[in-house]
There are 2 protein chains.
Amino acid sequence: MTRFTLSSPLDMHLHLREGDMLELVAPLSARPFAGAVVMPNLVEPVNSRDKLVRYREAIYDAIGDELFIPWMTLFFRNYSEAELAEVKDDIIGVKLYPAGITTNSEAGVSNLHDIESTLTLMQEMHIPLLVHGESSGFVLDREKEFLEVYAQLAKAYPQLTIIMEHITTRDAVELLDQYENLYATITLHHLLITLNDVAGGLLAPHLFCKPIAKRPEDRDALAQAALSGHPKVMFGSDSAPHPVHKKECSGCAAGVFTAPLALPMLTGWFEQHGALDNLQDFISGNAQRIYKITPPEKIITLVKEPWQVPGKYGNVVPFAAGQELPWRMINQ
Amino acid sequence: MTRFTLSSPLDMHLHLREGDMLELVAPLSARPFAGAVVMPNLVEPVNSRDKLVRYREAIYDAIGDELFIPWMTLFFRNYSEAELAEVKDDIIGVKLYPAGITTNSEAGVSNLHDIESTLTLMQEMHIPLLVHGESSGFVLDREKEFLEVYAQLAKAYPQLTIIMEHITTRDAVELLDQYENLYATITLHHLLITLNDVAGGLLAPHLFCKPIAKRPEDRDALAQAALSGHPKVMFGSDSAPHPVHKKECSGCAAGVFTAPLALPMLTGWFEQHGALDNLQDFISGNAQRIYKITPPEKIITLVKEPWQVPGKYGNVVPFAAGQELPWRMINQ
């Protein structure tokens, strides 16, 4: 039986939600991954140490005994030096949402000039900045229009570690090589789909996410970066569950749920492209180096046996629901 | 009370469906319009005189006493001269679907070289060619990629009247002026929405159609053509009802239902842009001249009084459901 092992896989961009949804999805990330960067965009954003500590406790309650580190993030606002000092050891970074762009980001920031003091503090204190980089323009141009902001930030704060989250365009990939302190996460679904999959045949709400999937040449550039083991690129699923009634309705929420199938699917996809040797860096090595983190030792073993992605996990329809994959995780 | 009248409004691109859906939607077009060009893409395409006559009878049964002409179209296949001669007086044109692009178009044509004989016959017999002009490429490029085919057709058959149906791009508008025998229909929704409305916030299946709504500059070019009374541009709603369970689901059908609200909405929109004087040409005059048709005399009166678009017509959610419009039709 063909086996493949991954050492301490990490998901550097994850939505765990709250309440019943947290209970449902947290174990589905905690089983395959050794840790994940947890997004702070709850209905009430995680923007204080108190909220963060309560949220982290809820996550630990939900994952039970699994060996899994939830690396916490704060929702960006202007924080004082005292606030950042108090929370520094509890967070892996601060997540910046330009106002109104994605789920529960209405409280985001709309003018970068207003946030200079906090960015300066973060740079001094070595706290990474995680950014949902989209303008409020035409949906296909939003990431590209935001690249200028990334460039400004990278130049103005050269010691600040800046993560371009869930990049979706060739232009973003190219920007990576222009500024030393720019890094990126890439999702599973943006490696695989384009806008054609979302809206080229029937409209597919379960493939609808923000940033929206782009053109074939964009997907190809992302794929090239991931498959080649680009050292500034990390896997971040952006796995973002919504109950089915929020997806199959008249106004469908953005988010693709990939956490429980990400490792089998990435393994098959890297193998198919003859790049299996580079998956370990994409799934863990690069993140450890970029974030200077040491995850718990956790070996995930996959075997080359057909596995059908469930049609649903609870009330959530996953990516590739019902598809048969060539690899499965042991104990999946 | 401010009144506005339209003389014999025409919908030059309409989907009336079959069975219960036909019963529901046919009266909703027959009341405000004096006639419509009826699309032939039923589950079993209308591609013979027998099918056409049966379908026309079903339409007349559904519209009852309304003064309304359903101008019939045949679904393109290679027709013999005898077939076209037999059906000529029953049709306003033949509708060409490139294979696999839109609802029930799986039987469409994939190689234009194979259809030369029929196009030659149509040119000789003065039967217009109506075209769903999209390639099978990336969803946002499909119309643009097809423009070369329009140009080839226009050059190869200079006496053939060619209608570019439901155009959505600036490039298509510009092509209109390059070939004398090219004309176009424009929908209501493509005058009003862009891809941002479909997928820039929540995903909106009731705004999902083919061709998909494009960029703001495309919408602006369409608007300019319609508002200016461009003589080669006709209103064609492409009103395409689907039951709500086919729109709010995991794979949503393409089509926007606008027939019952098109006239009030167009009136308000032309008025808002100071172009009310040009609406008569867009809604009827241009079509009469291009197609050389004389519709029944039917005066539709609108009054400037608020009217709320219903949330549903039967099991169909219309465009702008629940929105209040400044104009209503008398007896609406």
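This is a predicted model: local features need pLDDT of at least 70, side-chain atom pairs count only at pLDDT 80 or more; totals for chains, interfaces and linings use all residues.
User: How many residues does chain A give to the contact with chain B?
Analyst: Residues count as in contact when their C-beta atoms lie within 7 Å. Chain B gives 23 residues to the contact. The number from chain A is 23.

User: Which helix gives the largest share of the side of chain A that touches chain B?
Analyst: The contact takes 23 residues from chain A. Three of these residues form the largest share, and they span part of one helix within residues 195–199. That element is helix 8 of chain A.

User: Into which classes do the residues on the side of chain A that touches chain B divide, and how many are nonpolar?
Analyst: Two of these residues are charged. Five are polar. The nonpolar residues number 16.

User: Where do the buried residues of helix 4 of chain A fall, seen down its axis?
Analyst: Helix 4 covers residues 116–124 of chain A, and its buried residues are Thr118(A), Leu119(A) and Met122(A). Seen down the axis, they fall within an arc of 100 degrees. So they line one face of the helix.

User: Which residue follows helix 4 of chain A, and what is its phi?
Analyst: The residue that follows helix 4 is His126(A). Its phi is positive. The value is near 60 degrees.

User: How are helix 1 and helix 2 of chain B placed relative to each other?
Analyst: Helix 1 covers residues 19–30 and helix 2 covers residues 49–63 of chain B. Their axes come within 8 Å and cross at roughly 70 degrees. Angles from 65 to 115 degrees count as roughly perpendicular. Helix 1 and helix 2 of chain B are therefore roughly perpendicular.

User: How many nonpolar residues are in the contact of helix 1 with helix 2 in chain B?
Analyst: Helix 1 brings Leu22(B), Glu23(B), Ala26(B), Pro27(B) and Ala30(B). Helix 2 brings Ala58(B), Ile59(B), Ala62(B) and Ile63(B). By class, one residue is charged and no residues are polar. The nonpolar count is eight.

User: What kind of peptide bond joins Lys210(B) and Pro211(B)?
Analyst: Pro211(B) sits in the loop between helix 8 and helix 9 of chain B. Omega between Lys210(B) and Pro211(B) is about -5 degrees. The bond is cis.

User: Is Lys210(B) buried or exposed?
Analyst: Lys210(B) lies in the loop between helix 8 (195–199) and helix 9 (216–227) of chain B. A residue needs 20 or more C-beta neighbours within 10 Å to count as buried. Lys210(B) has 23 inside 10 Å. So Lys210(B) is buried.

User: Is His166(B) buried or exposed?
Analyst: His166(B) is in the loop between strand 7 (162–164) and helix 6 (170–176) of chain B. Its phi is positive, near 35 degrees. There are 26 other C-beta atoms within 10 Å, so His166(B) is buried.

User: Is Lys292(B) buried or exposed?
Analyst: Lys292(B) is in the loop between helix 12 (279–291) and strand 10 (299–303) of chain B. Its phi is positive, near 55 degrees. It has 11 other C-beta atoms within 10 Å, so Lys292(B) is exposed.

Key
Residues are numbered from 1 along each chain as its sequence is written. Chains are lettered from A and ligands numbered from 1 in the order in which they are written. Two residues are in contact if their C-beta atoms, placed from the backbone, lie within 7 Å. Helices (H or I, at least four residues) and strands (E, at least two) are DSSP runs, numbered from the N terminus. Ala, Val, Leu, Ile, Met, Phe, Trp, Tyr, Cys and Pro count as nonpolar, Asp, Glu, Lys and Arg as charged, and the others, Gly among them, as polar. A residue is buried if 20 or more other C-beta atoms lie within 10 Å of its own, exposed if 12 or fewer, and partly exposed in between; C-beta atoms are placed from the backbone. The arc is that of the directions from the helix axis to the C-beta atoms. Axes are lines fitted to C-alpha atoms, for helices over the stretch in contact, and angles run from 0 to 180 degrees between N-to-C directions. Angles under 35 degrees count as roughly parallel, over 145 as roughly antiparallel, 65 to 115 as roughly perpendicular and the rest as oblique.
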